[in-house]
Amino acid sequence: MSERSGRAPHVLLAVCGGIAAYKACEVLRGLQKAGCEVRVVMTADAERFVGTVTFEALSGAPVATSLYDYPGSPIPHIELAEWADLAVVVPATGNVMAKMACGIADDCLSTTLLACACPALVAPGMNVHMWCNAATRANFETLRERGVRFVGPGSGRLACGDVGEGKLASVEEIVAAALALLGGEDGSKKDLTGVRLLIDAGPTHEAIDPVRYIANASTGKMGYAIAEAAVRRGAEVTLVSGPTALATPEGVRHVDVVSAAEMHDAMLAEFEGADVAICCAAVADYTPAHPADHKLKKGVERLDSIELVQTADILADLCAVKGGRVVVGFAAETNDLIAHAQEKLERKGADLIVANDVSRPESTFGADTNRVALVSADGVEQLDTMPLPAVADALLSKLGTCHL
Ligand code: CTP
């Protein structure tokens, strides 16, 4: 990817052969208005819908349609791929999505996309049956897992007359998603745009009777800080939270739970629509086997002991169904931090364990700082003591190395 300091962002617009190809002209204009420099690569089918002359006039640059005939360069696919900060595919046809998913490079557009190391934003536009076809769905999932970002498609009346999903996202949505990937208006990088992030946070309460429970010292601060940082960086965030005193960060979807069992069910259900899960909650490991349905009266019903049963392990159960998705766990330890974290990484099947020593004042429950080590199959990265928002950002940046 080209170095970008002090110049306009470079967007490579990859136009495919769908009826919505004409909308790519408006996307080009929208990107230019936002200060981007745009170059175009087209498929032969796209040329049937909109001529190269239109894109050449709008972009002020030659349009790449062939690997062998591009003014000024004998290797246009490499030159354009290295030039681009972002590739935007509009409208992405089922065929081009399939080629991207399989790494097929049999024309100028697909070869250029294969050569791109920059982020890619795909805006599908096709017939509802083509979009819903199992092959397209599988390609969509494959591309998402590899970090390709999608905008749309929406639902509505399609060019063919069918009604349903497959409608190209609006020009405004595509431009906004592209700009978000290039960096927000405030200069902050929206590098998690299009990522659906699921987080659990806080303690759980395990009922003994309707007024008594077993809990732990978690405040939820770390998980809430991750949720806030992720939204700022463009992610779509769902926060499954046990009982805490914290306000839900703006832009975060919030699911309230109380017990470990409720958190387990909510996390497993929400994970179906997520790309990444971060298990930050201090989930109770044990819960009363027979919670009373009425307040126990000490003079009448003695409570000398409580029979406990183990709760289900949310992190392990998410890892069991994650497929190519990324799942991150925490390890709260008081001794042998790294060894315990490595053991949890392996036993639970997580991609990353964030290990913190809760016996230290700077990383204990309730602190506004944390000192963590990021433990993955690649090794151990010990971070300094930092405020929670900085720890959250460091963790989210690390996700980029987990094939997000
Ligand atoms: N975790 C979970 N469900 C549980 C218990 C733990 O999802 N029932 C998750 C935590 O959210 C955390 C990770 O597992 O991401 C490790 O939690 P921790 O309490 O450190 O470890 P445990 O699995 O409870 O193991 P141990 O008691 O041996 O430390």
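My notes on cores, a surface patch and some backbone angles follow.

I worked from a predicted model.

I looked up the nonpolar cores first. The largest has 34 residues, and Leu 13, Val 15, Phe 55, Val 88, Val 90 and Ile 174 have the most contacts inside it. I listed the elements that each supply at least two residues of this core: β1, α1, β2, α3, β3, β4 and α9. Helix α9 (171-182) gives the most, with seven residues.

I then took Phe 55 by itself. Leaving out residues up to four places away in sequence, I found that Phe 55 touches Leu 13, Val 15, Ala 21, Ala 24, Cys 25, Leu 28, Val 40, Met 42, Val 50, Gly 60 and Val 63.

Tyr 286, Leu 303, Ile 306 and Leu 308 make a nonpolar patch of about 350 Å². I placed Tyr 286 in strand β14; Tyr 286 counts as partly exposed because its relative accessibility is 45%, and the exposed class begins over 50%.

Last, I went through the backbone. I found a cis peptide bond between Val 90 and Pro 91, with omega about -20°; Pro 91 lies in strand β3. A cis bond also joins Gly 152 and Pro 153, with omega about 5°. I located Pro 153 in the loop between β5 and β6.

Asp 336, not a glycine, has a positive phi near 45°. I located Asp 336 in the loop between β16 and α13, and it is exposed, at 51% relative accessible area.

Notes
Residues are numbered from 1 along each chain as its sequence is written. This is a predicted model: local features need pLDDT of at least 70, side-chain atom pairs count only at pLDDT 80 or more; totals for chains, interfaces and linings use all residues. Side-chain values use heavy atoms; hydrogens and water are left out. A nonpolar core is a set of buried Ala, Val, Leu, Ile, Met, Phe, Trp, Tyr and Cys residues joined through side-chain atoms within 4.5 Å. Buried means under 20% relative accessible area, exposed over 50%, partly exposed in between (1.4 Å probe, protein chains only). Helices (H or I, at least four residues) and strands (E, at least two) are DSSP runs, numbered from the N terminus. Contact means heavy atoms within 4.5 Å. Patches are made of residues with over 30% relative accessible area and no salt bridge: like charges are joined within 9 Å, nonpolar side chains (Val, Leu, Ile, Met, Phe, Trp, Tyr) within 5 Å. Accessible areas come from the Shrake-Rupley method with a 1.4 Å probe; for residues, only the protein chains shown count as cover. A salt bridge is a side-chain nitrogen of Lys or Arg within 4 Å of a carboxyl oxygen of Asp or Glu.
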